[in-house]
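This briefing is meant to be read beside the sequence and the coordinates.

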Amino acid sequence: MPFNRLAEMRAGVLLWLAAYGALWIVIPLASNAGLPIDTVEIVAWGREWLVGLYRHPPMKTWLMEIAFQTSGGWLGSAYVLSALAFITAQLAIFAAIRDVRSRSVAFAAVVLSALIIYFGIHLPQWNANIAQLPFAALFTLGIWRGLDRGGAHWWLLAGLAAAGGFLSKYSFALIPVSVAMLVLYDPWMRSRVRWVPALLAIFLMLVLLTPNALWLLNSPDVAEHSMAANDRLHLGGWLQRVLSPLSIIGVTLAVSILPAVAVLFGLKAEEVARDDGVRVAKLRALFGASLFGPIAAAIIIAIATGVMIKDHWLIANFLFIPGWLLLRLAGDRATVTWSNRGAAFVVMTTAVIASVYPLERLLYYRLAAEPLPWAPLLRADALADVVKAKWIEGLRAAGLPETTPIPVVGGNGWAAMVANVLPERPAWYEHLDPALSPWVSSDMLRRDGIVVVGPGDTAPLRALGLCRMASTDYHFANTPDLDAMTTQIEVFLPAGDCPNG
């Protein structure tokens, strides 16, 4: 049985994760013409190296920019980054379980993660949810080993990971808060806390969070703007206060079914462990706190406010389902082996989940009543070629050198797509709103001009003295049997005369 041989190998978990990560790099590369819209925006924001951002904290943009620059500007690096985030998280969970049980048990927990659909079809979409994964697992590993082994460096790892997770998504704070409550409540854990390194870890976390915290204090309108723009964060009525918590409970139960089936019917438990099981129970409790604590908080928030919690907002918590289930259902076993039917179940389920991704894209426009601007199926390079041609046409009309690079592309997500693939990589002026893109100043626009892609109020550009020097409509070629999407391209430049109004 290949799974059992991999479990016995020292590098078996690395081989499994490398294969699984490669699967979820190749599939989106083969299935998508462009990046998911969340990732498109993150690439565009990454250029600015922001300390704060109106939509989530900036860690996702920092990591994306590092991957983008390291790969020489390859947009596919977003898929690699997501795979690496998942692999890092799984290695941390593997290491934690390996402390209390055999390699076969730790390997099983990693394999079971492939049965959670969110670590399949959602994985290629690099965003704040995926960015949390390595920090969530590393935080739990740091706390566990700080308690179990006592080394100061493990407490510092926990502090670093907590800061990284919080800078990935503010709701990440529910994980360390839940774990801290457990540690202070549990006598075994509380007695093993090394308070000096633990307090140093908290201090380190606060220091790392200070720049973003100061940015938030100096930008009081940011949170309000972000919440207003997200219709999911609006207060709901009694029906939403019932449906939202039920959906959280339902999703959590649903994603737990396949791993539970694999543990119960696919794993053969070998000899009973000879230890007293205390350390296994404490590690399981840490996994449970990271899983159930934030979910319970989300349920309470949903009941109190009626906010409709999106299922994929809980991905960082679902990370702990396989390990918790395994230690709950087979934690008293020293080793486990995969049965033939168990291995076949994992392979077949993974194949089904993997097939959903390209199948969804294949059928998307076939089933749509009208063309839809879905970012993964829109070719940014074709649109960018037209934008570049119109820019040169505008430069000629304004009497400016044709070699002048495009400084800014303004508009919606389509504008970000263009900004990401142009060789000069211009700034993205999101929705032509200076509140959303403070790095684009009026002086910059007045001096260098802008290309507008998509709908937007261009009156402020004219008020700056810019002239529309070229324009055209661009037709997205989606599928042969549907009418193409259309967007407008307008070039605004400083000029003494405005021939196009």
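In this predicted model, the count of salt bridges comes to 17. One of the pairs joins glutamate 65 to arginine 425, with the closest N and O atoms 2.7 Å apart, and this pair links distant parts of the chain, 360 residues apart.

**Salt bridges**
- Glutamate 65 belongs to helix H4 (residues 59-70), while arginine 425 sits in the loop between helix H20 (413-421) and strand S4 (427-430); both residues are buried.
- Arginine 379 pairs with aspartate 381 at 3.0 Å between the closest N and O atoms, and here arginine 379 is partly exposed, with a relative accessible area of 49%, as is aspartate 381, with 37%.
- Within helix H21 (residues 442-448), aspartate 443 and arginine 446 lie three residues apart, about one turn of the helix, and they form a salt bridge whose closest N and O atoms are 2.8 Å apart.

**Helix H10**
- The buried residues of H10 are Ile175, Pro176, Ser178, Val179, Leu182 and Val183; viewed down the helix axis they fall within an arc of 160°, so they line one face of H10.
- Met181 and Tyr185, on the other side of H10, are exposed.
- The cover over the buried residues of H10 includes helices H8 (133-148), H11 (187-191), H15 (278-305) and H16 (315-318).

**Surface patch**
- A nonpolar surface patch of about 710 Å² is formed by residues including Trp238, Leu246 and Leu253.
- Leucine 253, which is placed in helix H14 (residues 238-266), is exposed, with a relative accessible area of 55%.

Terms used:
Residues are numbered from 1 along each chain as its sequence is written. This is a predicted model: local features need pLDDT of at least 70, side-chain atom pairs count only at pLDDT 80 or more; totals for chains, interfaces and linings use all residues. Side-chain values use heavy atoms; hydrogens and water are left out. Buried means under 20% relative accessible area, exposed over 50%, partly exposed in between (1.4 Å probe, protein chains only). Helices (H or I, at least four residues) and strands (E, at least two) are DSSP runs, numbered from the N terminus. The arc is that of the directions from the helix axis to the C-beta atoms. Contact means heavy atoms within 4.5 Å. Patches are made of residues with over 30% relative accessible area and no salt bridge: like charges are joined within 9 Å, nonpolar side chains (Val, Leu, Ile, Met, Phe, Trp, Tyr) within 5 Å. Accessible areas come from the Shrake-Rupley method with a 1.4 Å probe; for residues, only the protein chains shown count as cover. A salt bridge is a side-chain nitrogen of Lys or Arg within 4 Å of a carboxyl oxygen of Asp or Glu.
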